[in-house]
Amino acid sequence: MKLSALDEYRTVEFIHHNTAIQTHIMEHFCQCRASKRFIDLEVEVQGVIFPCHKLLLDSFCPYFAASFSFHEESLKASGMENGAEEQLREWYYLMNGVTVAGFSRLLDYMYTSELQVNVEDVIDVLRCADFLQFRNVVQLCSGFMQQHITAETCLQVLFLAQAHDLQDLYEKALTFITTNLSDVIHQSEFGNLSSENLIKIISNSNLEVSSEALVIQAVLTWVKASNTEQISLLPDLLKYARIRPVDLQELKKMYFSEDTKIISMQDIVSPQYLWNMFSKDIAISSLPDRLTEVLVIVSRETERKHRGVVKDLSTVYFYDPEALRWEKMTKLPFDNRHFYTAAVLNNILYLTGGLSIDSHDINCTKIVFNDCWSYNPSAEGWTERQSMLIPRYNHSSSAMQGKLYVVGGRAASTGLNLRGDGEAYDPHADQWTMISPLRCVSGIGNAALTALDGKLYICGGTYSYLDRRNEINFDSYLGAQVYDPEEDLWHELLVLEHEITKNNIRVSSGDMLAVDGFLLLLDDDVGKSHYIYNPVSRSVSSLVRAHGHHRFAGWAVYKGCLVCTGG
């Protein structure tokens with residue numbers, strides 16, 4: 001047989017992928033649901049019957065999959081090995097603890113892969129999603145609610161976050177309450193706070209109050225709402241009011257006179273009795289004054305040499321909002337260093353890593369540091385913590401859920417190698433542990449890193465990769481990734497990556513902020529715009545045009561304003 005020139009190109013085996021089949025299957029399930037064909041499961045919620053397909057719920061919902069599996073194992077244990085008749089019979093489920101609004105949204109989600117949630121039903125959807133074990137939906141609802149916390153909703157959000165173990169949402173709601181206590185105490189649900197939550201609020205050193213009289217008003221309002229059930233806690237609660245001698249007469253006039261109109265306690269205790277208890281037991285507080293939120297500036301180098309003159313940059317400054325000027329806070333705990341990073345965790349400033357300044361030649365041996373320092377403004381001193389596992393400089397750092405994270409940076413004693421791994425620091429254990437490396441890049445440096453709703457987001461900076469000759473190359477990183485600490489995995493954010501590439505957004509360390517459930521990407525080049533990323537809708541929008549005068553600046557949100565410093 002004559003050989004053809006095409007013989008070596010003939011197909012021996014092929015694989016065909018038809019993604020339209022998956023879409024067709026879902027559409028067919030929806031049609032069967034609408035016409036009630038092949039229905040083998042009915043779910044009752046608040047008296048409403050939802051006809052369903054057991055196979056779909058088993059494949060899509062962790063709760064139903066576990067429930068069906070348990071039922072089948074029970075059948076086997078009872079001697080019904082095949083359970084054929086049981087499998088053919090229509091099943092019935094009565095679900096308690098969820099609402100029609102929440103379950104109907106999630107049932108539509110299981111049939112269409114699309115979830116529609118609004119402000120009115122987000123709480124119902126979150127509760128039902130937690131019950132059905134849709135953790136991804138719970139996180140989406142949590143992020144959605146972070147964008148809608150107000151004086152009217154913050155208490156309900158606090159209760160919900162605590163009930164469903166949503167730490168970031170809880171902290172966000174608690175922060176809102178401590179910042180807006182004067183508005184929150186007038187809400188009807190204020191009296192529903194547990195004593196533990198109330199103490200957490202009024203004992204908070206960051207509580208923003210114009211006068212400690214507001215703390216007393218909060219306590220009396222809460223006790224009055226309990227219909228005297230909590231009156232025995234009054235002495236202990238009032239001790240959290242940080243009263244000074246100069247305040248006593250003013251407080252007596254405002255709150256404890258017989259004709260007071262601000263808080264009426266006559267139906268619980270007499271004002272004179274309350275005043276006697278207060279003035280004798282807890283008149284002068286020994287607690288320190290409340291803390292004031294300030295802006296802090298940390299230079300990225302301890303000194304700079306210009307035209308033979310060395311300028312000292314090791315002083316850390318803070319902005320005094322009352323005096324409207326910058327003041328000295330402390331000096332850095334080291335010298336002759338640059339490219340270290342700074343982050344704040346639990347009101348403590350952390351510095352990590354860095355490179356010695358006198359190593360300018362890239363071919364010479366560098367001194368790369370792995371030490372970690374913390375500064376407590378209350379103690380006014382630096383403490384050296386456990387060192388990082390790997391020396392780093394030009395890395396990124398951020399705080400999240402009680403831990404300090406560092407990612408990427410350069411670590412080699414010679415050359416310019418970038419790392420793609422990271423570390424997490426637990427301040428209670430004083431211990432560092434490695435976390436999974438970034439995807440698709442061998443290393444990244446000087447990137448923007450910030451935490452939002454229990455996840456770390458990273459973008460910008462410079463990344464390294466191996467070319468075809470197995471040599472290291474560098475380029476601007478136009479991608480974006482998110483880290484889930486529960487999975488210990490990074491995931492690519494393709495939507496954000498597309499917008500970064502499309503709009504040529506260039507950010508570096510410190511140019512991304514988390515604000516009210518959003519991410520701000522701050523590109524301050526001339527003619528550029530700042531952008532806002534919504535992780536719930538996964539959309540990117542132009543926020544405001546950059547002024548283009550501060551490249552490599554420092555950014556922060558302070559007193560509700562976006563602040564730009566230096567650069």
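Predicted model: local features only at pLDDT ≥ 70, side-chain atom pairs only at ≥ 80, totals over all residues.

Two strands are said to pair if DSSP finds at least two bridges between them. With that criterion in hand, one may turn to strand β7 (residues 315-320), which pairs with β8 in the antiparallel sense over six bridges. Within this pairing, Tyr317 has Lys328 of β8 as its bridge partner. Both strands belong to an open sheet of three strands, ordered β4-β7-β8 and paired in the antiparallel sense. Because β4 (295-297) and β8 (325-331) each have a single partner strand, they stand at the edges, and one side of each is left without a neighbour in the sheet. Direction ignored, neighbouring strands of this sheet are turned by 30° against each other on average.

The protein chain has 567 residues, of which 42% count as buried, and its secondary structure comes to 16 helices and 30 strands. Among contacts between residues at least 6 apart in sequence, 53% join residues at least 24 apart.

Two packed helices are described by the angle between their axes and the distance between the axes. For helix α1 (residues 20-35) and helix α5 (residues 100-112), the axes come within 8 Å and cross at roughly 135°. On the side of α1, the contact is made by Met26, Phe29, Cys30 and Arg33, and on the side of α5 by Leu107, Asp108, Met110, Tyr111 and Thr112. Sorted by class, the contact of α1 with α5 has six nonpolar residues, one polar residue and two charged residues.

In soluble globular proteins, nonpolar side chains tend to be buried together. In this model, the largest nonpolar core has 69 residues, and those with the most contacts inside it are Val43, Phe64, Phe103, Leu132 and Phe190. Helix α12 (residues 213-225) supplies the largest share of this core, with eight residues. Phe190 can be examined individually: leaving aside neighbours within four places in sequence, Phe190 is in contact with Leu155, Leu181, Val184, Ile185, Leu198, Ala218, Thr221 and Trp222.

Thr178 provides another view of a buried position. Thr178 is found in helix α9 (residues 167-179). Its relative accessibility is 5%, and Thr178 therefore counts as buried, the cut-off being under 20%. Not counting residues up to four places away in sequence, Thr178 touches Ile201, Asn204, Asn206, Leu207 and Glu208. The C-alpha atoms of Thr178 and Ile202 are separated by 7.9 Å, with the two residues 24 apart along the chain.

Two loop residues illustrate positive phi values. Asn394 is placed in the loop between β13 (381-385) and β14 (396-400), and its phi is near 60°, a positive value in a residue other than glycine. Cys440, in the loop between β17 (431-435) and β18 (443-445), has a positive phi of about 65° although it is not a glycine. Are these two residues buried or exposed? Asn394 counts as buried because its relative accessibility is 11%, whereas Cys440, at 64% relative accessibility, counts as exposed.

Another loop leads towards the next sheet. Ser508 lies between α16 (494-503) and β25 (512-515), and at 13% relative accessibility Ser508 counts as buried. Leaving aside neighbours within four places in sequence, Ser508 is in contact with Asn446, Ala447, Ala448 and Gly461.

Strand β25 belongs to an open sheet of four strands, ordered β25-β26-β27-β28 with antiparallel pairing. The edge strands are β25 and β28 (539-545), each of which pairs on one side only. Neighbouring strands of this sheet are turned by 25° against each other on average, direction ignored. Strand β26 (residues 518-521) and strand β27 (residues 529-534) pair over three bridges in the antiparallel sense, and Leu520 has Ile532 of β27 as its bridge partner.

Strand β29 (residues 554-558) and strand β30 (residues 561-565) pair in the antiparallel sense over five bridges, with Val557 opposite Leu562 in β30. The hairpin has two residues between its strands, and Lys559 in the turn has a positive phi of about 55°.

Terms used. Residues numbered from 1 in each chain as written. Heavy atoms only, no water. Axes fitted to C-alpha atoms, helices over the stretch in contact; angles between N-to-C directions. Contact = heavy atoms within 4.5 Å. Nonpolar A, V, L, I, M, F, W, Y, C, P; charged D, E, K, R; others polar. Core = buried A, V, L, I, M, F, W, Y, C linked by side-chain atoms within 4.5 Å. Buried < 20%, exposed > 50% of the residue type's maximum accessible area, 1.4 Å probe, protein only.
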